[in-house]
Amino acid sequence: MDHRECMERIRDTGVIAIMRAKSSEQLLRAADAIRAGGVGVIEVTMTTPGALSVIEQAVSRYGKEVLFGAGSVLDAESARAAILAGAQFVVSPSFKASLVEICRRYSVPVMPGAFTPTEILTTWECGADMVKVFPASLGGPSLIKAIKAPLPQVELVPVGGVNLENTADFIRMGAAAIGVGSALVSQKLLDSGDFDTLTKRARRFVAEIARGRAD
């Protein structure tokens, strides 16, 4: 997918599943499960063992069916390695200009992390495609509303503390999408092999996105 297609997929889906798995097999089985539930955008954190190999395998296996990105990327060198492994978007917990620059050089969507209005605007002006508001648990949905008032042009993605109970509120308050980790893909479910529950959770998150957009 090109840059435009990737961005459209993220916006349309509205849910970025953040995965930290113990193995590539575990992650790929989880990907099958949540894709069946309607979530086709997955962030593989760089804290996953052999993350680059996992991304390469996943992109080869799913093609355009699932959008795979790299998360917890801390520097330009790691971003480039992830992109060369096939990552279709890059997410960072913080802002670093060189990381944004390398992603734009390769025309790969980049989502740096920020929290304050100053950080968010600086990140946006430096070329971020979306801004990861992290940790969103500190301000909740009202934080998104407050930031969007003076900065309506910035596409915000709250991450940290997002769950089924507040997803619709985050979207209602102006979030372009949400990033969700253990509330969707928990290590406990992965270890137990309860992939049916993962599919059900994915469907519920998709439904909450739709509910938030309908209000």
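A search of the whole structure turns up one cavity of 30 Å³ or more. By cavity I mean a set of points, on a 1 Å grid over the protein atoms alone, where a 1.4 Å probe fits but cannot get out. A volume is the space filled by probe spheres set on those points, which are joined across faces, edges and corners. Please keep in mind that this is a predicted model: local features need pLDDT of at least 70, side-chain atom pairs count only at pLDDT 80 or more, and totals for chains, interfaces and linings use all residues. Residues are numbered from 1 along each chain as its sequence is written, and side-chain values use heavy atoms, with hydrogens and water left out.

Ala, Val, Leu, Ile, Met, Phe, Trp, Tyr, Cys and Pro count as nonpolar, Asp, Glu, Lys and Arg as charged, and the others, Gly among them, as polar.

Now the largest pocket, with a volume of about 180 Å³. A pocket is an open set of points with protein on both sides within 12 Å along at least five of seven lines, and lining residues have an atom within 4 Å of a point. This one is lined by 16 residues, and I18, R20, F134, V159 and G160 lie nearest its centre. The lining splits into seven nonpolar, six polar and three charged residues.

F134 has something else to show: the charged end of K132 sits over its ring, 4.8 Å from the centre. That label needs NZ of Lys or CZ of Arg within 6 Å of the ring centre and within 35 degrees of the ring normal.

On to the strands, where β6-β7-β8 is the order in an open, parallel sheet of three. Pairing requires at least two bridges found by DSSP between two strands. Which strands stand at the edges? They are β6 (113-114) and β8 (156-158), each with a single partner, so one side of each has no neighbour in the sheet. Three bridges join β7 (residues 131-133) to β8, and V131 stands opposite L156 in β8.

Notes
Helix = DSSP H or I, 4+ residues; strand = E, 2+ residues; numbered from the N terminus.
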